[in-house]
Amino acid sequence: MAEDRRRQLRAALTIDGSAPEVTAVCERCVTHLSVSGAGVTVLSHIGANGDGPQRGLVHATNDVSSGLEDLQLTVGEGPCLDAFATGGPVLISDLATDPARWPGFGPAALELGAAALFSFPLTIGVVRLGSLDLYRDAPGPMAGVTFSDALLLADLATEAIVHDLDGHATEDLSWLANPHAEVHQASGMVQVQLGSSTEVALLRLRSYAYQHELSVTEVAHQVVTRRLRFTGEDDPAQPGGERGERDR
Amino acid sequence: MTVTEREQRLAQTFVALSDTLVDDFDVMNFLSLLTERAAELLDVTAVGVIVSDQRGGWHPAAASNEDVRLLELFASQTREGPCQDCIRDSAAAYSADLETDRARWPSFAESAAKAGFRAAAAVPMRLRRETIGALTLLNRNAVGVSQSDAELGQAFADVATVGILHQRAAARKETVSEQLQATLHHRVVIEQAKGVLAESGDLSMQNGFELLRDYARSNGQGLTDLAHSIADRTIDPHDLLTAYRLQQLSS
């Protein structure tokens, strides 16, 4: 059921099964979710020397949305930063009723023209990729099917950002919304094997899957069952070898 | 357990659970304690908390035992089985003997039998008119659920719901959505941390989880925070592994 809806939304965003673009996801949010504007801030920290996430590209469907993205960065508070802190979305159906929550951000956001705000963290566990921030110029909740579609579109935005990072399109996204997927355990294992971050481990899993024409889920299963180990940077990965052949 | 012992244990359990409802409340500590105590007090083999991902899917958020096959079984009954029926009807669903109820849930009955379970039940986690999840119980023996067990099961399900809402039971409707998503996010972080510990210490995923849980408990730490620090490597996994090895030696 969930997979069907995900496929439908994804198919509406792409022509040939390739990965959706971040901007296309933003535009789809506006036409589909009864919001006035959508923005995605992409955090870039690949290759940074442990300085933590840096703000990278900002995609926004209009000036209000890009203004809201800038504002949060300037005042250092707002729904998107709270969404990172809690790990879940931040849903504000009427910004005017709770001015104390963000004394710096709230009044300025109202001034820009946002009456309702819905922020979705784009994360895969500890991997923080960015945020999807929606606003509406009139107050009111986002509920039911619309909210479900917003979550699915946030998943597609996550996919789009990962695709921008490594260029590998993958249609198997079931693991993104499945907290028990072996991909997450495998990312933890591979980061130890490589001495890398979880993010780099995830990208290496994807790139191995791409090179060997396997799904990410299958590669993850091989890692978790200890039939595949990842080694140093130059060598993409090795079958388990001696260690893997032992019946574990 | 005698009736009096059980009553005492029950009182202790609700005190222990309410003790976790503090400022730095950690929903994963709460749910893991709740599932363990529910299994003990309801005298069943395993208990799981299944929650909605609000996209049409349902996933285990916590279980009394993190055995991989058991987690798979909990996940599979969201497609067919007591949990699915419970969510659909927003009412408790039981089978005292899956063997004789085979026709009702053919594929679930088969995988349950393979994993060694004979009886199953699911109680809805309700908030107002919404069913946000199901507390599911599995038993190795074919035994029915008594009226008092059913009521106690529902009480645990209600407490689990309150826990996911972070004590804000009367809060805005949006709070439910925010907290359910946050809970599933924490679950992903825990899976990543399990992977780090499994690889660093050559442990099974289940032992990786137990190490996280026990270390968090004995250090009064949030399971979520600890898992986060392990997965982003602000804590060295060997700090936990050393404690684990020492414990293994002394036991």
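**Exercise 1. Strand β1 of chain A**

Task: decide how strand β1 (residues 37-44) of chain A is placed, buried or exposed, and find its partner.

Solution. Seven of the eight residues of β1(A) are buried, so the strand is largely enclosed by the rest of the structure. Buried means that 20 or more other C-beta atoms lie within 10 Å of a residue's own; exposed means 12 or fewer, partly exposed lies in between, and C-beta atoms are placed from the backbone. Strands (E, at least two residues) and helices (H or I, at least four) are DSSP runs, numbered from the N terminus. Next, the partner: six bridges join β1(A) to strand β5 (residues 127-136) of chain A, and the two run antiparallel. Strands pair if DSSP finds at least two bridges between them. Within this pair, A:Thr41 has A:Ser131 as its bridge partner.

The model is predicted: local features need pLDDT of at least 70, side-chain atom pairs count only at pLDDT 80 or more, and totals for chains, interfaces and linings use all residues. Residues are numbered from 1 along each chain as its sequence is written, while chains are lettered from A and ligands numbered from 1 in the order in which they are written.

**Exercise 2. Confidence in chain A**

Task: find where in chain A the pLDDT is below 50.

Solution. Start with the average. Chain A averages a pLDDT of 86, and 87% of the residues score at least 70. pLDDT is the predictor's confidence in each residue, from 0 to 100. A contact needs C-beta atoms, placed from the backbone, within 7 Å. Where pLDDT is low, the predicted coordinates should not be read in detail.

**Exercise 3. Surroundings of A:Asp166**

Task: say which residues A:Asp166 contacts beyond four places in sequence.

Solution. A:Asp166 lies in helix α6 (residues 144-166) of chain A. A:Asp166 is partly exposed, with 15 other C-beta atoms within 10 Å. Its contacts are A:Leu203, A:Arg206 and A:Ser207. Check A:Ser207: this residue is 41 residues from A:Asp166 along the chain, yet their C-alpha atoms are separated by 7.6 Å.

**Exercise 4. The sheet of chain B**

Task: give the strand order of the five-stranded sheet in chain B.

Solution. The order is β2-β1-β5-β4-β3, in an open sheet with antiparallel pairing. The edge strands are β2 (58-63) and β3 (93-95), each pairing on one side only. From one strand to the next the twist averages 25 degrees. Axes are lines fitted to C-alpha atoms, for helices over the stretch in contact; angles run from 0 to 180 degrees between N-to-C directions.

**Exercise 5. Helix α10 of chain B**

Task: why do the buried residues of α10 (residues 237-250) of chain B line one face?

Solution. List the buried residues: B:Pro237, B:Leu240 and B:Tyr244. Seen down the axis of α10(B), they fall within an arc of 70 degrees, so they line one face. The arc is that of the directions from the helix axis to the C-beta atoms. These residues pack against α7 (173-201), α8 (205-218) and α9 (223-231) of chain B. On the other side, exposed residues include B:Asp239 and B:Arg245.

Terms used. Contact = placed C-beta atoms within 7 Å.
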